[in-house]
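Subject: Structure handover

Hi,

Here is the structure we talked about. Please look it over first, then read the notes below.

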Amino acid sequence: MKKQIGAEGIFDARQLGAPKMLILGVQHTFAMFGATVLVPLLTGLSVSTTLLCAGLGTLLFHLITKGKVPAFLGSSFAFLGGFGIVAPMLQDAQGNSVPNTQMLPYACAAVACAGLVYVVISLLISAFGVGRIMRFFPPVVTGPIIISIGLILSSSAISNAATNWLLAIVALAVVIICNIWGKGMVKILPILIGVIVSYLVALATGAVSFDAIGQAAWFGLPLHTSEMGIFYFDGSPEFVSALFTIVPIAIATVMEHIGDIASISATTGKNFIRDPGLNRTIMGDGLATTLAGLLGGPANTTYGENTGVLALSKVYDPRVVRIAACFALLFSFCPKFEALINTIPSGIIGGISFILYGMISAIGVRNVVENQVDFTNSRNLIIAAVILVSALGFNAYGGITIPVGGYSISLTGLAIASLLGILLNAILPGNDYAFDKVDGGEQGLNMQV
């Protein structure tokens, strides 16, 4: 007997029939699409490679978690700050943003190493338990780090928006309207809708060129050898600098992961932190990020957008998410599709990132507030103050360079802030943070970056 979607929770979508399962899979694909595609547009990475990494990463995650968790892995925004520092977008003679092809491979190699941080944390959780490990990453540390990520990125949003303020304002307005007053899928897909509406305005004003689309093939391999991080573990100063810039960001994204898994658990009514276990979900996320970095893609992360789709459809079968991953893989083999995405003007990207980067900082604030971090406590105030000033101050200063042997290790403001935050939290007395491994942690962990 077939059930109606939305009537009650469905954990085996096969009872709906194959056509409905495919439609549900397409819905998950489009839910992740807007945010996932935006990351390569902001960093200069390949859209096709990004979709390939999202699909492969999701399937790898499901393999490691025994196919129990209905999570989709898409591009992580938390690493945009690292990409912006290691491989900032360049400008051509016409003032258009172009990829920094010289430094992007080093950034991808560092992303691959950041994924290994997840693996280490997973192994530590297996050995010592989640409570002991999470004491090193309380909200008083991760919250200010997340706030700093958004603030550091804010200048790039303005730079892109300034190329065409009309398109930027239209994109920003549509996202706000959809997010505040939208219903159903409109509320879930504000970024995608914002891009589409502002793109139509760009077409009407003649701000789009289709020359590249006509030259692109319908089928092609999504991998670009020149960007694959696997070839850039060369011990060069560029690699070492990228390593110390990007790897510390994994501290914040581990907390993001925990929040998303807790959110999925609450949505489906199953405790995935306990079964298959937080160690497995972190391992899957980390290895997917490492795989993405090696293939020349951005870091992966579990997507809150797809959790919204779960809540809307009440279809909790991980098979549907795996179908979505297969659709992402299919899209990745179409260069003409990537060429279409690359026609999006910088002004639209600026308008979308204008609110997106602000939301990253706002999520950090929410993390601190919902976890009731006591800033009347001098200990917490000192940790947050040091993190914020280090992240923003050293970023404006250009970071610091430390000569070690024959190398020069460059630490960005974000890397310095992360290391100092963890260190101060570990040595200052009064660390009473307790992570609830049974219920999945505090409400404030339900966040995304």
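Start at Phe 333. Its relative accessible area is 28%, so Phe 333 is partly exposed: the band for that label runs between 20% and 50%. Please keep in mind that this is a predicted model.

**Aromatic contacts**

How many aromatic pairs does a search of the whole structure find? The search gives 2. In one of them, the ring centres of Phe 219 and Phe 333 are 6.0 Å apart and the planes meet at 10°, so the pair is stacked. This pair links distant parts of the chain. Phe 219 is in the loop between α10 (211-215) and α11 (237-246). Phe 333 is in the loop between α15 (318-332) and α16 (335-341). The two are 114 residues apart. Phe 219 has a relative accessibility of 62%, so it counts as exposed, the cut-off being over 50%.

There is also a charge over a ring. Lys 336 lies over the face of Trp 218, at 5.1 Å from the ring centre.

**Salt bridges**

Side chains of opposite charge can pair when their charged atoms come close. A search of the whole structure finds 4 salt bridges.

Which one links distant parts of the chain? Look at Lys 68 and Asp 275, whose side chains meet at 2.9 Å, N to O. Lys 68 is in the loop between α2 and β1, Asp 275 is in helix α13, and 207 residues separate them. Both ends are partly exposed: Lys 68 has a relative accessible area of 34%, and Asp 275 has 41%.

Next, Asp 12, Arg 14, Asp 317 and Arg 319 are linked in a network of salt bridges. Two of its contacts:

- Arg 14 bridges to Asp 12, with the closest N and O atoms 3.0 Å apart.
- Arg 319 bridges to Asp 317 at 2.9 Å, N to O.

Is Asp 317 buried or exposed? Asp 317 has 2% relative accessibility, so it counts as buried, which needs under 20%. Arg 14 is exposed at 51%. Asp 12 is partly exposed at 28%. Arg 319 is partly exposed at 29%.

**Backbone points to check**

Two places deserve a look.

- The peptide bond from Asp 275 to Pro 276 is cis, with omega near 20°. Pro 276 lies in helix α13 (residues 273-295). Asp 275 is also the salt-bridge partner of Lys 68.
- Lys 66 is not a glycine, yet it has a positive phi of about 65°. Lys 66 sits in the loop between α2 (47-64) and β1 (73-75).

**Helices**

Two helices have a length close to the expected one. Helix α7 (residues 165-181) has 17 residues. From its first C-alpha to its last α7 reaches 24 Å, close to the 24 Å expected at 1.5 Å a residue. Helix α15 has 15 residues and reaches 21 Å, close to the 21 Å expected on that basis.

Which residues of α7 are buried? They are Leu 167, Ala 168, Val 170, Ala 171, Leu 172, Val 174, Val 175 and Cys 178. In α15, the buried residues include Val 320, Val 321, Ile 323, Ala 324, Ala 328 and Leu 329. Pro 318 and Ser 332 of α15 are buried too. When you view these lists on the model, recall the helix repeat. An α-helix has 3.6 residues a turn, so residues three or four places apart point the same way.

Then helix α1 (residues 18-43), which holds Val 39. Val 39 is buried, at 1% relative accessible area. Val 39 and Gly 297 are 258 residues apart in sequence, but their C-alpha atoms are 9.7 Å apart in space.

**Nonpolar surface patch**

Finally, the surface. Ile 196, Leu 200, Leu 203, Phe 210 and Leu 340 make a nonpolar patch of about 440 Å². Which helix gives the most to the patch? That is α9 (residues 190-204), with 3 residues. Ile 196 is in α9, and with a relative accessible area of 45% it is partly exposed.

Send me your comments when you have been through it.

Best wishes

Terms used. Residues numbered from 1 in each chain as written. Predicted model: local features only at pLDDT ≥ 70, side-chain atom pairs only at ≥ 80, totals over all residues. Heavy atoms only, no water. Patch = residues over 30% accessible without salt bridge, like charges linked within 9 Å, V, L, I, M, F, W, Y side chains within 5 Å. Areas by Shrake-Rupley, 256 points an atom, 1.4 Å probe, with all protein chains shown as cover. Helix = DSSP H or I, 4+ residues; strand = E, 2+ residues; numbered from the N terminus. Buried < 20%, exposed > 50% of the residue type's maximum accessible area, 1.4 Å probe, protein only. Phe/Tyr/Trp six-rings, centres within 6.5 Å; stacked < 30°, edge-to-face > 60°. Lys NZ or Arg CZ within 6 Å of the ring centre and 35° of its normal. Expected span 1.5 Å × (residues − 1).
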